Amino acid sequence: MRTAYSVETVRAAERALMARLPDGALMQRAAAGLAAACADLLGRVYGSRVVLLVGSGDNGGDALYAGARLARRGAGVTAVLLAPGRAHVGGLGALRRAGGRVTGPDDAEEPIARADLVMDGIVGIGGKGGLRPDAERLADLADRSRAAVVAVDLPSGVEADTGEVRGAAVRADLTVTFGTYKPGLLIDPAREYAGIVRLVDIGLELPGEGELEALQHADVARLLPSPAAESDKYRRGVVGIAAGSARYPGAAVLAVSGALRGGAGAVRYVGPAGDAVIARFPETLVSDAGPARAGRVQAWVVGPGAGDDAATVAQVLAADVPVLLDADGLRLAERDAVRGRTAPTLMTPHAGEAAALLGVRREEVEGARLAAARELAAAYRATVLLKGSTTLVADDGGGAVRVNATGTPWLATAGSGDVLSGLAGSLLAAGLAARDAGSAAAHLHGLAGRFAADGAPAGAHDVAARIPEAWRDVYD
């Protein structure tokens, strides 16, 4: 599992460690790891051209010391000082002793244009807002050059705690981060600026729970249910699907497909698309008597393609089993009915739906995804799976937010969310907690989307068909 911690927690851990180490030892650890990562990226250090973009803080000191190490290995290193009078004294001295050059922003264009690697040491993890004009110009020169761009700890201009980008920022090919991941490295839009992220262990002692968790294959494998010899359909979980309408019968078919592919023991379908569901999946148990009379279920999925059927949504919310709310169900659900539930509720909005529920513009949700997921979870006293390029799963009780990065742009197709709802519903019915069901479903759904694409557009049916393959990939 990748765990990301807040700036405050990282700072406290750094202070505690520095109190036990010789002066400057922690910065030297960071610089050594940074220089090694740059050397790996360059391939051949001797004769390479490296430019350091150096701000006034310790982030700039890390870059200067790393640049000195590269210079001692034969690289031609030029440091561009944005604040010459406030550059890290020790790092600057080390670079000069190693044969590095120093210049100012006005003379940076030619060195950057000729560079093989540009190191971004402008602003550290405490930075807020976008880059200032001088720094923005340097970042633009680096972006337009042929050089590989390496960010020191975090791309300058992105916000470490939130993943927000409120102005111009450095776009890195590689980010070398120290001690632990920062939330902004795992959440869009900031994640897009980080490139590949490489973690350097500098010996920080951190608490068990962070701000953010990113599950890996092994973590998801531990969550997934596996049938035992005595399993029957109820032990494996029966999920109810209340979805589809005369206008959108396909939503019902896709939600049922996700539930069946997700390992449900049985699927009960309620709605007007029964004929379409049975034609595709004859094993489905179809009822036209409404959710309250559909028979025993261990979880409900309601909303995909439901149109304006508020009565069905209200009936499902009254059930004393876990409920997944998606699509039209999010719009039709009464907030107080959701807040008053005693059984778990998992809401799965995309950014536009989350914006409507919060009464803000979609751009505000997309620009501050972590804050939006937490706010929505608190407002509805539910677990929220905020869909997107990085899917977030937030509990209303606080704690670490889960982030999933297996998603792919190929999943941006009609019906993909319906498949995800059925898949997550099957895991709820199998007994997983809402946060675990949402996290595991997002992980598998993303992998299935990657497998289904295979270099070509992938539709929702293709994704559903590949979910079992994604499941095997996790276990392998």
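These legends describe an overview and several close-up views of one predicted model. Local features need pLDDT of at least 70 and side-chain atom pairs count only at pLDDT 80 or more, while totals for chains, interfaces and linings use all residues. Numbering runs from 1 along each chain as its sequence is written, and side-chain values use heavy atoms, with hydrogens and water left out.

**Figure 1. The whole chain.**
The chain carries 20 helices and 18 strands. Both are DSSP runs numbered from the N terminus: helices are H or I with at least four residues, strands are E with at least two. The C-alpha trace spans about 80 × 45 × 40 Å along its principal axes. For 476 residues, a compact globule would have a radius of gyration near 23 Å; the chain has 25 Å, which agrees. That radius is taken over C-alpha atoms, and the globule rule is 2.2 Å times the number of residues to the power 0.38.

Of the 476 residues, 58% count as buried. Buried means under 20% relative accessible area, exposed means over 50%, and partly exposed lies in between (1.4 Å probe, protein chains only). The chain exposes about 19,400 Å², and carbon and sulfur atoms supply 47% of that area. Accessible areas come from the Shrake-Rupley method with a 1.4 Å probe; for residues, only the protein chains shown count as cover. Take the contacts between residues at least 6 apart in sequence: 68% join residues at least 24 apart. A contact means heavy atoms within 4.5 Å. There are 50 positive and 55 negative side chains, and the centres of the two sets lie 4 Å apart. Lys and Arg count as positive, Asp and Glu as negative; His and the chain ends are not counted. Each charge is placed at NZ of Lys, CZ of Arg, CG of Asp or CD of Glu.

**Figure 2. Strand β5 and its two partners.**
β5 covers residues 117-121, and five of its five residues are buried. L117, M119 and G121 point one way from the strand. V118 and D120 point the other way. β5 pairs in the parallel sense with β2 (residues 49-54) over five bridges. It also pairs in the parallel sense with β6, over four bridges. Two strands pair if DSSP finds at least two bridges between them.

β10 (residues 238-242) is mostly covered, with five of its five residues buried. One face holds V238, G240 and A242; the other holds V239 and I241. Both faces are covered. β11 (residues 266-270) pairs with β10 in the parallel sense over five bridges. V238 stands opposite A266 of β11.

D153 sits in the loop between β6 (148-152) and β7. Its phi is near 75°, a positive value in a residue other than glycine. D153 is buried, at 7% relative accessible area. R381 lies in the loop between α17 (369-380) and β16 (383-386). R381 also has a positive phi, about 50°, although it is not a glycine. With 48% relative accessibility, R381 counts as partly exposed. A cis peptide bond joins D188 and P189, with omega about 10°.

**Figure 3. Helix α15 and its cover.**
Six of the eight residues of α15 (residues 351-358) are buried, so the helix is largely enclosed by the rest of the structure. The buried residues are A351, E353, A354, A355, L357 and L358. Their cover includes α13 (328-332), α14 (335-339), β15 (345-347), α16 (362-367), α17 and β16. Just after the helix, G359 takes a positive phi of about 75°.

**Figure 4. The surroundings of P322.**
P322 occupies the loop between α12 (310-317) and β14 (323-325). P322 is buried, with a relative accessible area of 17%. Leaving aside neighbours within four places in sequence, P322 is in contact with Q298, A299, W300, A343, P344 and L428. P322 and S439 are 117 residues apart along the chain, and their C-alpha atoms are separated by 15 Å.
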